[in-house]
Amino acid sequence: MNQLAGADALTSLDPVFAQLAVGAGHNLWGLTHLTLREKAFVCLTADLCHPHLDLPLAMHVQMALANGVEPEAIRELYRHLAPYVGYPILVPAFQRLTELGLPEAQDTDPVTSVPLSGALARAVRELEKVDPGLAAFTGDQFAQRWARPYLDVRERALACLVVDIFYQTLGESLRLHAELARAGGATEETFRDLIRGVAEFGLARAWAAAEALLPREV
């Protein structure tokens with residue numbers, strides 16, 4: 001992308017900052033081991049984690065739509081992330097999507113739960129040893145979202161890894177989401193690009209995540 005969405009608005013605020021911000025944005029959009037959708041989802045997830053629901057979210061929604069991300073996929077990303085970033089922040093986030101002109105939700109079907117298996121089921125079993133009530137709630141949240149349409153498992157897991165990096169949940173949560181991403185086809189290079197992309201939103205957090213997730217170069 002030669003011109004990042006919203007660059008003119010940033011220039012009107014501060015031209016030097018705009019140059020720095022555009023350069024950082026080109027870093028993310030130039031990465032080769034993330035899809036265009038995944039790069040858009042990095043930005044949209046970051047907006048919830050701060051939260052940044054004003055100009056940054058407007059810029060990132062514009063970028064996502066310009067790169068072929070369907071409006072319903074943006075909505076599904078935010079539905080998926082609700083228990084990871086907190087349900088309350090999604091209320092103003094969805095209000096903001098409406099203000100930005102995103103079409104009304106196409107999916108209005110009742111939410112159904114899908115029995116858990118693999119890494120998700122194992123994570124819930126391990127959590128039962130710590131607190132059965134929390135494990136039951138977590139299992140219910142997992143069952144409602146990981147098999148839904150509009151996003152694949154890799155996209156969902158990478159978005160959750162963005163949350164892990166922002167919140168520095170670099171233990172069991174990070175390992176679970178990395179395992180799910182790998183099962184969806186992510187590689188070490190995918191993780192390297194993800195962390196490099198998230199560095200735009202906080203170098204110190206990205207550094208710590210790299211230490212936790214990536215093998216050291218010999």
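This is a predicted model: local features need pLDDT of at least 70, side-chain atom pairs count only at pLDDT 80 or more; totals for chains, interfaces and linings use all residues.
Local features require pLDDT of at least 70 and side-chain atom pairs pLDDT 80 or more, whereas totals for chains, interfaces and linings use all residues. Residues are numbered from 1 along each chain as its sequence is written, and side-chain values use heavy atoms, with hydrogens and water left out.

Helices are DSSP runs of H or I with at least four residues, numbered from the N terminus. Helix α12 spans residues 203–213, and its buried residues (under 20% relative accessible area, 1.4 Å probe, protein chains only) are A206, A209 and L213. These buried residues line one face of the helix, because they fall within an arc of 65° when viewed down the axis of α12; the arc is that of the directions from the helix axis to the C-beta atoms. The face turned away from the buried side bears L203, A204 and W207, which are exposed (over 50%). The cover over the buried residues of α12 includes α9 (153–167), α10 (172–183) and α11 (188–198), where contact means heavy atoms within 4.5 Å.

Apart from neighbours within four places in sequence, F191 contacts L158, L161, A178, A181, R182, A186, L213 and L214.

R154 is also located in helix α9 and counts as buried because its relative accessibility is 13%. Excluding residues up to four places away in sequence, R154 touches H33, L34, E38, G184, G185, A186 and T190.

Conventions. Helices (H or I, at least four residues) and strands (E, at least two) are DSSP runs, numbered from the N terminus.
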